[in-house]
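Please find below my note on the model you asked me to look over. I have kept it to numbered points so that each can be checked separately.

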Amino acid sequence: MSEIMVPPRKRRRPALSCVECRRRKIKCDRRMPCSHCMQLKSTICTFPETHADVPNRRNVPKPSANSLSVNRPLQGAQFFGTSSPLPNLPSLAILPRLGDGPHSEEGSWGPTPAGSSHTSPSEPNVQNLVDRSKDLEQTTPSPVSPDKKKDQVMSVLGAEFSSFGDVMLQVGSSNPTRSFEPAHLCPNQDLKSDPHRTQFFGQSHWMNTFNMFSRKCRYEDENGKVVTGFETDEVREVFQKCRKLNQAMQARLHRALDVNTNFRDQIPPQEVADELVDLYFRTHESIYRILHIPSFRKEYTDYWKYPEGTSTSVIVKILLVMSIGTCFYQGPRQEDIRLQAKQWVSASQSWAAALFDKEQLTLATIQINCLLLIARQTNSIGVDLIWIPTGNLLRIAFSMGFHRDPKHFPKLSIFVAEMRRRIWATVLEMTVQNSIDLGMPPLISSNDFDTEPPSNINDDDISEGTKVIPTPKPIQVFTQTSIQISLVKSVRTRLEIVHFVNSFHSEPSYDDVLRLGQEISKACNDASRLIQSYPAYLPRPTAFHSSLLDIYIRRFVLEVHRPFFVRSQTDPRYYFSRKVCIENALELFSHSGAKDLPTNHEPHIRDDYESLKTVGGGLFKTIFFLAITIITVELMLLLDEDIASGLPPTAQAKIAREPLYEAVKNISKLATDRVRMGEDNYKGPVFFNAATAVIHAKASGISPDKIVPDAAKRSANECLEILKGRMSRAAPDEPQVEGQPSSLAGAWSDGTGETDFGFDLMMPDVDIMNFGMQEGFGFEMQDSWLCTGWDTN
């Protein structure tokens, strides 16, 4: 009787451990080679082909060096030209050829060579693996010197990168920090987004930290379900009403932003314009030196004498200066003037974008582009894309030679040379700040410029007719350029930090983190000591200027240690980074400009610094929310430690936590005030109030399910009333039905309930409360790419 052929048994899931670890029945870390094989000093660490059907164990032939030579021994990561150990990788048997075509739908990420099979470990299949390994050997460069290691790029699993510590993923799921894996190792994902519209969030982008924040703010309800407090029907209903009101106001805003090419018609009455111009020079001009104050004052005065004879570039500068001043304006018709400021910014943006050829390469044009960036941030217009025009500004400065010191151009006048140094320092500062804010590369290094810092002089000390270089004042004497000079001193260190933090080539060395952290901390302390050294009887910087100077430098201390603050939760070696992050986050959040207010001021009057926090967008918003994210997570970690220990905190611990509680309390008020002043993010206050309730529940030992939903509901209703009030003031003659949008929204709706504004120039801020939450209340990461490199949980 002939022998019955029994088909080999199939594994339900692919084998991921190496052959030796599977034989010994121990856990494999899936490295190449794995740690167990390295301890045994095994010459071979092999992985089975995961796509092949695995036969019965009794029929599996013993591995031999010849048949599995595709997985030849690798010492660490020398094969890839780097000394760092390899992270978890699938078997090299499924790696594609370098330069293969489109990705395979089966997860092999490369076309399968003709004649290959994935049904059995047949000899042709093994030979196919050997052939593919030879292709890898031929296309892999030989070892290079350490100076060239950073330039190597490998194409593995269909993605190009320089080390296995960095992977990028288009995210449409609720877990944006998942590492990229081939299709056979991870389930299919519904991207829920248009692949032609994406936005990349680098390492220093606040979303990389906020994801951790949102997870810490969740809790288990009475049914054991992980919730945030938003899942009640009452909160859903209120959010729906807020959303419709928001659509109506956004439609009104977009209609108001229709470009009016007659710039003279947009200038407000002179008394209002005078106040707005004064507000600009009182605040931002000392931080970003853009204009020569006497020269601009003369142009401004000449405009009111003869408006028809004023050039368009001068009028655009006036409009932008006024639009920045509206951030601090607290006079009559505040909302109308802020709406007008958005019109001025929109019109100025259109005018600047219409310039061609050498029209862009003038001193007035580069001044307008600098003012335009500040105006967009102070008025929260398109700040999520501010890195793009910042790069354009940098290239204009390069094209005009601002990156080379004026001493190389002897024909330049003294006045022009000084203005070029000031504007270059401004361009460089904007590049550094906006790059770290959005997690993007600055696209410039310290070797690309040699322009010296501006002189420590006042604007009255120099003019277009100056023939002799004015003598700079001592550094201990405060001038209109002192703040900018203090920023320039640390700009090279901060530029290095931007490159360091957002690099995707390799995981940073903690020694470099400590070195850079020490350098930037010293720069921060030097700036603080200089501010304190100015004599009281001489001109001194305002509290607004001192606060911004400290924030612009101190935020880099936080950024360089922030990734290791996350790691410190599981690795005590990084506790120092946790301590540094908490200290600097409290410093960033504790600044105040109250000293600038007169003694007998009205209670409703805000100082300039508070106005910037309440109205401004971009870095003027994300800095504070990044700081409060660190503070809130730290406070929850401490409370979780108390709960785990079963012991109440000591009296000393309670005192040490008071600043943390105070900061969490203040952020809820700040988020609500921002909605009151015109921000559309109504979910922000609700989320922060819910987070505060979670903290209160943990500290009091009560169930969060008893107080968090009520806190979320109260905050949502408060935001709804604020939006109703804003809508009634915007359209007082139009009857409103509760929960229904104004007729203004009809012309701008795409039929899905979402406002369709077309061109993304006026793209609003990303809704920070939408991140990491459940669908309908969460940030779904649509149209986004998130870098998931070495910043892990």
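1. Basis of the note. This is a predicted model, in which local features need pLDDT of at least 70 and side-chain atom pairs count only at pLDDT 80 or more, whereas totals for chains, interfaces and linings use all residues. Residues are numbered from 1 along each chain as its sequence is written, and side-chain values use heavy atoms, with hydrogens and water left out.

2. Overall composition. The protein has 22 helices and 7 strands, where helices (H or I, at least four residues) and strands (E, at least two) are DSSP runs numbered from the N terminus. Of its 793 residues, 51% are buried; buried means under 20% relative accessible area, exposed means over 50%, and partly exposed lies in between, with a 1.4 Å probe and protein chains only. Among contacts with a separation of 6 or more, residues 24 or more positions apart account for 75%, a contact being heavy atoms within 4.5 Å.

3. Helices α8 and α10. Two packed helices are described by the angle between their axes and the distance between the axes. The axes of α8 and helix α10 (residues 363-378) come within 9 Å and cross at roughly 25°; axes here are lines fitted to C-alpha atoms, for helices over the stretch in contact, and angles run from 0 to 180 degrees between N-to-C directions. α8 and α10 are therefore roughly parallel to each other, given that angles under 35 degrees count as roughly parallel, over 145 as roughly antiparallel, 65 to 115 as roughly perpendicular and the rest as oblique. The contact is made by residues including Val316, Leu320 and Ile324 of α8 and Ile368, Leu371 and Ala375 of α10. By class, this contact of α8 with α10 has 10 nonpolar, 4 polar and 1 charged residues, with Ala, Val, Leu, Ile, Met, Phe, Trp, Tyr, Cys and Pro counted as nonpolar, Asp, Glu, Lys and Arg as charged, and the others, Gly among them, as polar. The crossing of α8 and α10 is left-handed, which is the term used if the near helix is turned anticlockwise from the far one by less than a right angle, right-handed being the term if clockwise.

4. Helices α19 and α21. Helix α19 (residues 619-645) packs with helix α21 (residues 683-700) at an angle of about 20°, their axes being 10 Å apart, and α19 and α21 are therefore roughly parallel to each other. α19 passes α21 in a left-handed crossing. Among the residues in contact are Phe625, Ile628, Leu635 and Leu639 of α19 and Phe688, Ala691 and Ile695 of α21. The class count for the contact of α19 with α21 is 11 nonpolar, 1 polar and 2 charged residues.

5. Helices α20 and α22. For helix α20 (residues 651-676) and helix α22 (residues 708-730), the axes come within 9 Å and cross at roughly 25°. That makes α20 roughly parallel to α22. The crossing in which α20 passes α22 is right-handed. On the α20 side Thr672, Val675 and Arg676 meet Glu718, Ile722, Leu723 and Arg726 of α22, and by class this contact of α20 with α22 has 3 nonpolar, 1 polar and 3 charged residues.

6. Buried sites. Helix α4 (residues 207-216) has 8 of its 10 residues buried, so it is largely enclosed by the rest of the structure; Met207, Phe210 and Phe213 are among those buried. Gly325, which lies in helix α8 (residues 312-325), is buried with a relative accessible area of 0%. The C-alpha atoms of Gly325 and Leu276 are separated by 4.7 Å, although these residues are 49 residues apart along the chain. Not counting residues up to four places away in sequence, Gly325 touches Leu276, Leu279 and Tyr280. Ser286, in the loop between α6 (270-283) and α7 (293-305), is buried with a relative accessible area of 13%, and, leaving aside its neighbours within four places in sequence, Ser286 is in contact with Gln480, Ile483, Gln484 and His545.

7. Backbone points to check. Most residues other than glycine have a negative phi, and most peptide bonds are trans. Lys25 has a positive phi of about 60° although it is not a glycine; Lys25 is located in the loop between α1 (19-24) and α2 (35-39) and is exposed, with a relative accessible area of 67%. Leu443 likewise has a positive phi of about 60° without being a glycine, and is found in the loop between α12 (414-438) and α13 (482-489), where Leu443 is partly exposed at a relative accessible area of 45%.
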